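Please walk me through this structure.

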Amino acid sequence: MTRKLNKDKLGDVRIAEVDLDKITPYENNPRVILEEAVDAVARSITDYGYTEPILVDHNGVIVTGHTRFLALKKLGWERVPVLISDRPIEELDEYRLADNKTGEYSAWNLPKLEIEMRLVDVEKLEPYFGEVALKSIMKSFVQSAPGGIPDEQFERYAQNRDSLFHNRSEAHQKELLDVVCSGCGEHFKVRRQDILMRPEEEETHG
Amino acid sequence: MAKAGEVLKVGNVKMAVLTLNEIRPHWNNPRNITQEAVDKVRASIEMYGFNQPLILGNDNVILAGHTRYVALRELGVKGALCVLTDLSSEQAVEYRIIDNKTREMTGWHLDRLMGELRGFDEKVAHLFFPELNMGELEAGGGLGALNGLVGGGTPGSSFQGQEGALSLTQPLSRQITLICPECGLEAKYSRADILESNQIAGGRGIEQ
């Protein structure tokens, strides 16, 4: 099936594998990168793979990914896939700041984080958070809801998790859902994914 | 440029252009996505392009990029460049937490940031850094111009909940209103029913 794609918004980047020493950090990178951050990212690359390629300008200067760059050096990588943007350098200099800033507009959702943490082996998170920080987060869960999330509620989440992870195929999301109007009895179709994306309305009572 | 559906493999990175309808937000994304965040990311995509692919796990569920995904939808974009990983569901949960955590481990180098911002168009600077005091900055002002920004490494920061956030994966108890195209009756349906059933019937309609 062919779909019309707005290419302007897709592929402002090319991907290529380059020598790690052919790319260079931006001389005035406005981020402070602690050794601790480099170690955490190196560990994450080892555990989960190099999933987010570094973005460079057409001269090979890093736009985003200074920490990843240092982590890969530490891991001894020689060749690395990178995204290359051919946009003007001045624009990318602005983007470097904007990208680091936009991330600050979102924050953790603690109830959801608690559920996520209960779905995994928390020990795997410890190297990234540190024992003290992790404990304090776990403690804040207990404080936000005495006793944390009740077991029965968690069971429901866990069940949802299984069905959502394993049975919610892409096709299911895209499937048309048959709706029967309680007024006139008419059947009409809606796409499940489209309506699930809508902003929330009020809670169900009862 | 990758064509729709074509998978491009470079080194160990697998990428493809997918339509947004093929991409699925994680049902329990542990980050709040505020409308403000979406607005900033949308502005950034409009101004600087879509430079960083969404990262997907099994079944094209998002590992990183929920805010960008919403922004792309708002922009009416049909598809996006994605990195396809084969992390298991469990690894995906770990990765989502760790990825957001490692991003918090760097902080602003305030002197350099100010140097960079001096070259910015004032409107652009204000769009992304509304806390910035441009007057002070231009007068060669000190760190006071960067009121509120956190400098240095800030491990362990930002663990405060945020209310009123736009969530992609709202509780299943929430309801959605649909309007019958035949008679115009509005009725509420639970998200759980929409997700679980193949046919849903309106509850009690809302009288017009």
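What follows goes from the whole chain to single residues.

This is a predicted model, in which local features need pLDDT of at least 70 and side-chain atom pairs count only at pLDDT 80 or more, while totals for chains, interfaces and linings use all residues. Residues are numbered from 1 along each chain as its sequence is written, chains are lettered from A and ligands numbered from 1 in the order in which they are written, and side-chain values use heavy atoms, without hydrogens and water.

Begin with chain A. It has 9 helices and 8 strands. These elements are DSSP runs, numbered from the N terminus: helices are H or I with at least four residues, strands are E with at least two. Of its 206 residues, 49% count as buried. Buried means under 20% relative accessible area, with a 1.4 Å probe and protein chains only.

Now pick out helix α1 of chain A. It has 14 residues and reaches 20 Å from its first C-alpha to its last, close to the 20 Å expected at 1.5 Å a residue. The expected span is 1.5 Å times one less than the number of residues. After the helix comes A:Gly49, whose phi is positive, near 95 degrees.

Which residues of α1(A) are buried? Among them are A:Val38, A:Val41, A:Ser44, A:Ile45 and A:Tyr48. The buried residues pack against β2, α2 and α5 of chain A, together with α3 and β7 of chain B. Contact here means heavy atoms within 4.5 Å.

Take A:Ser44, which lies in this helix. At 10% relative accessibility, A:Ser44 counts as buried. Leaving out residues up to four places away in sequence, A:Ser44 touches A:Gly49, A:Tyr128, B:Tyr95 and B:Ile98.

Next come the rings. The structure holds 5 aromatic pairs over all chains. Rings of Phe, Tyr and Trp (its six-membered ring) pair if their centres lie within 6.5 Å; planes under 30 degrees apart count as stacked, over 60 as edge-to-face and the rest as tilted. A:Tyr48 and B:Tyr95 have ring centres 5.9 Å apart and planes at 65 degrees, so this pair is edge-to-face. The pair crosses between chains, from helix α1 of chain A to helix α3 of chain B. Both A:Tyr48 and B:Tyr95 are buried.

B:Tyr48 and B:Phe128 form a tilted pair, 6.3 Å centre to centre with 35 degrees between the planes. B:Tyr48 lies in helix α1 of chain B and B:Phe128 in helix α5 of chain B, so the pair ties together parts 80 residues apart in sequence. A:Tyr95, B:Tyr48 and B:Phe128 form one aromatic cluster.

Terms used. Buried means under 20% relative accessible area, exposed over 50%, partly exposed in between (1.4 Å probe, protein chains only).
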